[in-house]
Amino acid sequence: EQAADLLPGRQKVTVTRSSEGTQPAFNKHFEDLEHTYGAVHIINLLSESKPAEVELSSMYHKGIQHCHLSQPGADGSSDHALLRETHYDFHAETKGPAGYEAAREIRRYIEDSTDGFAYFLAQEAGDGPDGGDGRMVVVLQQEGVFRTNCLDCLDRTNLIQTLISQMAVEAFLGHRGEWAASDFWMRHASLWA
């Protein structure tokens, strides 16, 4: 629970249920995500220095550890778990002179998942006289999803989701042998915002 306060940073966070009490709902939530989208890669953007956020991160991590989807694959590697997490202290990573631009560094932590998840692509079948007959054929299937979180789900989450979207578009264009100009990325950022 979070008590509202008009001044930023003064919202009091209170955890009102035990981790054991919330684990069944936690598991069901991630099972539903996995059933719908495939593997899930959690990106936790909470601070490692603000006590309330540290407590939430700790509980979140514990929930992940106790969820059967995060267990290693048959080869014993956690790379094949259906539920993975990356903790990325957004504020600590972006407090330097580069500011929010430094958040682009998260790409190296999530690029394996981005590549593995792919994206959905369907194209018109080419059997008709004009090259297509109106039937759509699935060419590529998305195999996973990112779940981002922070305390207020505004700036931090939106910026990281913009980067994930950009990575997916780059993959799509790369597979087509095409590249986007800088004005495209400015429009992408505007559209996303």
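This is a predicted model: local features need pLDDT of at least 70, side-chain atom pairs count only at pLDDT 80 or more; totals for chains, interfaces and linings use all residues.
User: How do the axes of helix 4 and helix 5 cross, and within what distance do they come?
Analyst: The axes of helix 4 (residues 107-117) and helix 5 (residues 155-175) cross at roughly 50° and come within 11 Å.

User: OK, and is that crossing right-handed or left-handed?
Analyst: The crossing of helix 4 and helix 5 is right-handed. The two helices are therefore oblique to each other.

User: Which residues meet there?
Analyst: From helix 4, you've got Arg107, Ile110, Glu111 and Thr114. In helix 5 they meet Leu163, Ile164, Gln166, Met167, Ala168 and Glu170.

User: How many of the residues in that contact are nonpolar, polar or charged?
Analyst: The contact of helix 4 with helix 5 has five nonpolar, two polar and three charged residues.

User: Switching to the sheet: what's the strand order?
Analyst: The order is 4-3-7, an open sheet of three strands with parallel pairing.

User: Which strands stand at the edges, and why is one side of each without a neighbour?
Analyst: Strand 4 (83-87) and strand 7 (144-149) are at the edges. Each has a single partner strand, so one side of each has no neighbour in the sheet.

User: How many bridges join strand 3 to strand 7?
Analyst: Six bridges join strand 3 (residues 39-44) to strand 7, and the two run parallel. Within that pairing, His41 stands opposite Phe146 in strand 7.

User: Back to helix 4: which strands does it lie across?
Analyst: Helix 4 lies across strand 3, strand 4 and strand 7, and runs at about 155° to strand 3.

Definitions and conventions: Residues are numbered from 1 along each chain as its sequence is written. Side-chain values use heavy atoms; hydrogens and water are left out. Axes are lines fitted to C-alpha atoms, for helices over the stretch in contact, and angles run from 0 to 180 degrees between N-to-C directions. Helices (H or I, at least four residues) and strands (E, at least two) are DSSP runs, numbered from the N terminus. Angles under 35 degrees count as roughly parallel, over 145 as roughly antiparallel, 65 to 115 as roughly perpendicular and the rest as oblique. A crossing is left-handed if the near helix is turned anticlockwise from the far one by less than a right angle, and right-handed if clockwise. Contact means heavy atoms within 4.5 Å. Ala, Val, Leu, Ile, Met, Phe, Trp, Tyr, Cys and Pro count as nonpolar, Asp, Glu, Lys and Arg as charged, and the others, Gly among them, as polar. Two strands pair if DSSP finds at least two bridges between them.
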